[in-house]
Amino acid sequence: MYVILVYDIKQQRVSRMLKLCRRYLHWIQNSVFEGEISEVKLNELLSKARAILDEDEDSVILFKSRTQQWLEKQVVGRERSSLDTIL
Amino acid sequence: MKKSLYIFNPGRMSRQDNTLKYTAYDEEGAEGQTKFLPIENVADLYVFGSLDANSALYNFLGKNGVSVHFFDYYEHYTGSFMAKEYLLAGRLQVAQTGHYTSLKKRLVVARKLVEGAAFNLLKNLRYYQGRGRQVAEEIAQIELYVSGLPYATTIAELMGYEGNIRQTYYRCFEQLVNVPGFTFSSRSTQPPQNELNALLSFGNMLCYAACLSQIYHTQLNPTISFLHEPGSRRFSLALDLAEIFKPLLVDRTIFRLLNKKEIQPRDFVRELDGCLLKEAGRKTFVRVFEERLKETIQHRRLNRSVSYQHLIKLECYKLTKHLLNMEEYQPFKAWW
């Protein structure tokens with residue numbers, strides 16, 4: 001499964017969220033992540049995220065797509081981080 | 001699916017916040033852009049450039065079951081950092097060793113491996129024969145060698161057959177790659193003498209590392225092999241498995257790259273006494289090779305689509321079954 005994850009989290013908790021997401025997905029922009037992830041890993045990520053966020057104040061939004069091909073991505077301006085696996 | 005990372009740029013990989021941080025260096029050695037890589041999504045690392053790392057990183061990689069393969073400047077495979085074995089199976093280990101020590105049992109497996117390799121490379125030749133290349137003579141020659149396989153009584157003899165088959169096969173290369181500027185007289189290594197040899201060396205080595213990575217995820221012991229002699233300090237079972245997959249993964253990648261002119265004579269550098277791929281060429285090669293590993297085919301028996309990478313693992317499973325006397329090993333033969 002291919003997902004785009006965005007979060008809106010209060011400043012004092014944001015860095016913990018950032019660190020968590022970095023382990024599972026590619027960072028592409030402030031509070032935006034993208035990448036291939038399995039169902040199980042996604043559940044793992046979400047349960048860890050729940051432990052961090054305050055459900056009354058913060059939110060995490062997921063956009064799921066079956067594969068990357070089903071998603072057309074367009075970047076306007078500077079691409080801050082590419083998803084390339086050849087460094 | 002977890003992805004392999006290929007690192008060409010010099011840089012520093014470190015552990016930060018329980019994930020990987022990569023800082024590239026530019027030509028002057030100044031730190032460039034940093035990038036965080038999701039550890040949960042990394043299968044293994046292939047290191048071509050010079051990489052700085054400390055033991056904390058290796059401990060972390062080890063815990064996450066990520067292996068690191070190193071290649072030197074001349075594109076040879078130099079070794080791997082393998083995470084601690086996580087699938088241990090004493091029974092299989094004993095069975096695997098048993099199949100190695102008994103010549104009779106070893107010959108059975110070794111013969112199947114050569115058979116599989118020969119079948120797959122013949123497949124390549126037949127494909128191009130259908131497209132009007134003159135390779136009938138070589139095909140007949142290889143078939144003759146294959147018919148001799150059942151009569152081989154020593155491992156050396158099998159290796160001899162294998163060598164002969166490959167030599168005959170390589171004779172066709174110049175014909176298969178119908179692009180001016182690429183000649184191929186004979187296979188040469190350390191260092192490769194011309195462009196085609198450089199591509200073959202580079203590709204074979206990638207294939208070797210890909211096989212090793214898959215073996216790691218099974219219970220097989222990568223040091224005990226059947227066709228190749230299990231030497232010390234090397235994972236020779238990967239060499240055995242690579243035989244079967246080289247025609248599909250490496251050779252076809254090379255034909256595609258050259259026939260579609262994705263790699264051209266200017267992507268090589270001739271130096272000292274050999275010929276090497278330049279960095280841009282290497283990157284192109286790796287990209288296409290990676291695509292190939294991820295490419296899926298419809299598996300007949302499993303009735304679902306399976307990637308080439310997974311086929312290597314399936315091969316390990318079949319071998320395991322054979323070693324445990326559950327089902328006779330049949331080498332993978334391309335059916336399309």
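**Figure 1. A buried arginine in chain A.** At a relative accessibility of 12%, A:Arg13 counts as buried, because buried here means under 20% relative accessible area. Everything in this and the following views comes from a predicted model. Look for A:Arg13 in helix α1 of chain A, which covers residues 11–24. Leaving out residues up to four places away in sequence, A:Arg13 touches A:Ile52, A:Leu53, A:Asp54, A:Glu57 and A:Asp58.

**Figure 2. Where chain B meets chain A.** Chain B brings 23 residues to this contact and chain A brings 17 residues. About 1900 Å² is buried between the two chains, and carbon and sulfur atoms give 54% of that area. For readers new to such numbers, the size of an interface is often given as the accessible area lost when the parts come together. The count of salt bridges between chain B and chain A is 4. One to pick out is the pair A:Lys19 and B:Asp17, whose closest N and O atoms are 3.8 Å apart. On the chain B side, at least two residues each come from β1 (3–7), β3 (19–25), β4 (31–37) and α9 (279–294). Strand β1 of chain B supplies the largest share of that side, with 5 residues. Sorted by class, the side of chain B that touches chain A has 11 nonpolar, 6 polar and 6 charged residues.

Figure 3. In soluble globular proteins, nonpolar side chains tend to be buried together. Here the largest nonpolar core has 92 residues, and B:Phe48, B:Leu206, B:Leu249 and B:Phe285 have the most contacts inside it. Helix α7 of chain B, residues 195–216, gives the most to this core, with 15 residues. A second, separate core has 18 residues, among them B:Ile7, B:Tyr22, B:Leu37 and B:Leu57.

**Figure 4. A lysine in helix α3 of chain B.** B:Lys105 sits in helix α3, which runs over residues 103–129 of chain B. With a relative accessible area of 40%, B:Lys105 is partly exposed. Setting aside neighbours within four places in sequence, B:Lys105 is in contact with B:Gly98 and B:His99. B:Phe226 is 121 residues from B:Lys105 along the chain, yet their C-alpha atoms are separated by 9.3 Å.

**Figure 5. Two asparagines with positive phi.** Most residues other than glycine have a negative phi, and most peptide bonds are trans. B:Asn18 has a positive phi, near 60 degrees, and is found in the loop between β2 (11–16) and β3 of chain B. At 33% relative accessibility, B:Asn18 counts as partly exposed. Phi of B:Asn303 is likewise positive and near 60 degrees. The loop that holds B:Asn303 lies between β11 (296–299) and β12 (304–307) of chain B. At 61% relative accessibility, B:Asn303 counts as exposed.

**Figure 6. Salt bridges, one pair at a time.** Over all chains, the structure holds 22 salt bridges. In chain A, the side chains of A:Glu44 and A:Lys48 meet in one of them, at 3.7 Å from N to O. Both residues lie in helix α2 (residues 39–52) of chain A, 4 residues apart, or about one turn of the helix. A:Glu44 counts as partly exposed at 26% relative accessibility, and A:Lys48 as partly exposed at 31%. In chain B, the side chains of B:Arg126 and B:Glu143 form a salt bridge with an N to O distance of 2.3 Å. B:Arg126 belongs to helix α3 and B:Glu143 to helix α4 (residues 136–148), so the pair ties together parts that are 17 residues apart in sequence. B:Arg126 is partly exposed, with a relative accessible area of 38%, and B:Glu143 counts as partly exposed at 37% relative accessibility. Elsewhere in chain B, the salt bridge between B:Glu327 and B:Lys321 has its closest N and O atoms 3.8 Å apart. B:Glu327 is partly exposed at 34% relative accessibility, and B:Lys321 is partly exposed with a relative accessible area of 36%. Through shared partners, salt bridges also join A:Arg23, A:Lys41, A:Glu44, A:Lys48 and B:Glu40 into one network.

How values were computed
Residues are numbered from 1 along each chain as its sequence is written. Chains are lettered from A and ligands numbered from 1 in the order in which they are written. This is a predicted model: local features need pLDDT of at least 70, side-chain atom pairs count only at pLDDT 80 or more; totals for chains, interfaces and linings use all residues. Side-chain values use heavy atoms; hydrogens and water are left out. Contact means heavy atoms within 4.5 Å. Buried area is the accessible area (1.4 Å probe) that two parts lose on being put together, summed over both. Ala, Val, Leu, Ile, Met, Phe, Trp, Tyr, Cys and Pro count as nonpolar, Asp, Glu, Lys and Arg as charged, and the others, Gly among them, as polar. A nonpolar core is a set of buried Ala, Val, Leu, Ile, Met, Phe, Trp, Tyr and Cys residues joined through side-chain atoms within 4.5 Å. Buried means under 20% relative accessible area, exposed over 50%, partly exposed in between (1.4 Å probe, protein chains only).
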